[in-house]
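Here are my notes on this one, written for someone opening it for the first time. Have the viewer ready and follow along point by point.

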Amino acid sequence: MIKIKNIKKTYTKASVSTPVLRGISLSIQRGEYVAIMGTSGTGKSTLMNILGCLDKPTNGQLELDGVDVHGLDDDALSALRNKKIGFVFQQFFLLERTTALDNVLLPLIYAEKYPVDAVKRAKKTLVSVGLEDRMEYLASELSGGEQQRVAIARALINDPDVILADEPTGNLDSKSTNEVLEIFSRLNQEGRTIVVVTHDRAVAEHAQRILELKDGQIINSVANSKLKNSSDH
Amino acid sequence: MTRIVRITRESVRMMAGNRLRVFIMMLGVAVGVASLTMMICVSKGAYKEVMDIVNRQGPALLQVRPGTDRHTGLPSGSRAVVSLAEEDVNAILQHVGNIHAAAPVKDRKGIEVKHGDKFTLTRIFGIIPEWSEIRDFGPSKGEFISEEDISFAARVCLIGQTVKKNLFGDTEPIGQTIRIKDVPFTVKGELKQKGVSSAGRDRDDRIVIPITTYFKRLFKDIHLSQIVITVEDTSSMDKTVEDVRAVIRERHKIAVGEPDDFAMRTPQDLIDLAYAASRSLINLLTGIAGISLLVAGIMITNIMLASVSARRNEIGIRRAIGARKNDILSQFMMECIFISLMGGILGTILGFGGSIILSSLKVAASKVTPTALLASIVSCSLIAVVFGIFPAKKAANQSPTNALRA
Ligand SMILES: Nc1ncnc2c1ncn2[C@@H]1O[C@H](COP(=O)(O)OP(=O)(O)O)[C@@H](O)[C@H]1O
Ligand SMILES: [Mg+2]
């Protein structure tokens, strides 16, 4: 599904070069649930942005669903993000003065074709994240947990190949965190590929596989042995 | 729903969510477009007024008045200077080519006229038959002054419509006798209705009588209050003016280098005069329109730039979920165009209102014209594009990762 090879990313500011990613290779299979762990500032978001085609690596190759992303122009990358990737961010990034429903509909605006059943689909997706009675609320009227669930619904509306979540629970209390993680687990059980970036081991332990990022490299990649326990709560 | 329709809806939705910003930008454009509209309406009004004057007087009319009042815009020659005489008319007819007709005119205003127990003060014109054609001022009823009337200094007159109303009301004036300064005159006709002159004078408040009668029976005015001339060929008006000037100067024995003791007025002078009245207002409005449209444009750029910064996250998330650079550009351009057009419509309404007020307050003649609407739409679209493109491009070219940094 996702294959990267020797990805490097160096930020250059005022002629000072900071290498953040120093050659990362990994591959994620369809249907996998992967967590990328690491302390703050290790380059998790940088890696995530590269995986999501929001940013370009300084070096290295990225293959999504068998397509080498390197040759694609900006418009093609936009179309690819629209169709194949669902983003979930720590800060939700909802349009504030916009209803939950319209927020979920947003990716369809930029879809190749606007589906005739768009609203029905958006409502169904909102129901699936437990927001059936919040559809007409403005984003600014929702709690953090509710906002993040709207963001997940927005990520799901175009039926993406992969969900990329960057610290999705970073701004949430423990109850909302659990709600979000349960949704991810359920989505994964339904066959959805999920990549979660986090500094929080408790969050990472919901994934099937945990990659540890340090000093710009993956130092550890383990199948999650505690997975059975984590579904207790 | 096509992509551009979706993006347009999105653009409108975003504007609806920020009405204050939209309103401020709109107001800026509205002020600029309103002054532009007023400028055009006032120009149009001035043009129409000038053309009315020229059409009323005819493009072939040349007026000579005593004194040097050419640039004062006074409706009639100053009586303090006495210079023109009937011999001047004869000399012009004899020595100047391209003359169709020429006529001497004497007139006095504020003369008391009675009929029965009715009384009015009006202007008395002493004229010859040619005057009627030269000034296009014939009878609407009855007969005009004839050569016999001139020869016999007949006590006959034609009355203007205002005089008719004042002295006769609804009764028939022709054949009746009126007393001008207690001299009885027979009314032999009514003059055509002419309305108000460019100088604001009621042109129907007058009585015309034979110039000979004027002199023998009423006033011992030897000098003329004006000479009216029509030329054959209006394209050589300028040469004719110089020829007439030369003839009169010679007759008046004016030495080289001395100023004329008379003044001439051509249709072009009337045009200049009429424009002069509106010109300063038009210049002022043009200046205001230019400056305020520029200010509106700069305002759009600034407010849009601020908006682009404030909406960084919005731009970032749109890009992340699949908006192309062009989609973002379209969205922001559309905002500018909508706001600008709404401001333009508001400004056009305000401008039309303003110009109606200007003309009803008699500050300036102004005419509501579709040209103004067209100019408004063109100028506000232009403003939207010229001043919106920079912020819109800035929005479109933001890197998604930067735009998503909290
Ligand atoms: N656009 C950028 N320009 C320069 N430096 C950056 C940029 N983005 C991130 N960095 C730097 O790269 C490092 C990794 O950042 P990030 O990927 O956000 O880490 P994490 O998400 O793991 O906290 C940090 O030191 C950060 O300051
Ligand atoms: Mg991060």
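**Notes on the sheets and helix packing**

1. Let's start inside a strand pair: in E9(A), the residue standing opposite Met37(A) is Glu212(A). Keep in mind throughout that this is a predicted model. The pair belongs to strand E3 (residues 33–37) and strand E9 (residues 209–214) of chain A, which run parallel and share 4 bridges.

2. Now zoom out to the sheet around that pair. It's an open sheet of 6 strands in chain A, ordered E6-E7-E8-E3-E9-E10, and its pairing is mixed. Strand E6 (85–89) and strand E10 (217–223) of chain A sit at the edges; each has a single partner strand, so one side of each has no neighbour in the sheet. Going from one strand to the next, the twist averages 15°.

3. Which helix lies across E6 and strand E7 (162–166) of chain A? That's helix H2 (residues 74–84) of chain A, and it runs at about 80° to E6(A).

4. Chain A has another open sheet, with 4 strands in the order E2-E1-E4-E5 and antiparallel pairing. Its edge strands are strand E2 (16–28) and strand E5 (67–68) of chain A, each pairing on one side only.

5. Walk through that sheet pair by pair. Strand E1 (residues 2–13) of chain A is joined to E2(A) by 10 bridges, with the two running antiparallel.

6. E4(A) and E5(A) pair in the antiparallel sense over 2 bridges. They make a hairpin with 2 residues between the strands, and Asp65(A) in the turn has a positive phi of about 55°.

7. Helix H1 (residues 44–51) of chain A lies across E1, E2 and strand E4 (59–64) of chain A, at about 125° to E1(A).

8. Where do helices of the two chains pack together? Look at helix H3 (residues 100–109) of chain A and helix H1 (residues 3–16) of chain B: their axes are 10 Å apart and the angle is about 145°. The crossing of H3(A) and H1(B) is left-handed. From H3(A), the residues in contact are Asp102(A), Leu106(A), Leu108(A) and Ile109(A); they meet Arg3(B), Arg6(B), Ile7(B), Glu10(B) and Arg13(B) in H1(B). By class, the contact of H3(A) with H1(B) has 4 nonpolar, no polar and 5 charged residues.

9. Within chain B, compare helix H9 (residues 267–310) with helix H12 (residues 370–397): their axes come within 9 Å and cross at roughly 25°. That angle makes H9(B) roughly parallel to H12(B). The crossing of H9(B) and H12(B) is right-handed. Among the residues that meet are Leu293(B), Gly297(B) and Met304(B) in H9(B), and Ile383(B), Phe387(B) and Lys394(B) in H12(B). The contact of H9(B) with H12(B) divides into 12 nonpolar, 4 polar and 1 charged residues.

10. Last, the overall layout of chain B. The domain assignment gives domain 1 (2–53 + 272–405) and domain 2 (99–234). The C-alpha centres of these two domains of chain B are 56 Å apart.

Note on methods: Residues numbered from 1 in each chain as written. Chains lettered and ligands numbered in written order. Predicted model: local features only at pLDDT ≥ 70, side-chain atom pairs only at ≥ 80, totals over all residues. Heavy atoms only, no water. Axes fitted to C-alpha atoms, helices over the stretch in contact; angles between N-to-C directions. Parallel < 35°, antiparallel > 145°, perpendicular 65-115°, else oblique. Left-handed = near helix turned anticlockwise from the far one by under 90°. Contact = heavy atoms within 4.5 Å. Nonpolar A, V, L, I, M, F, W, Y, C, P; charged D, E, K, R; others polar. Pairing = 2+ DSSP bridges. Domains from an automatic or database assignment.
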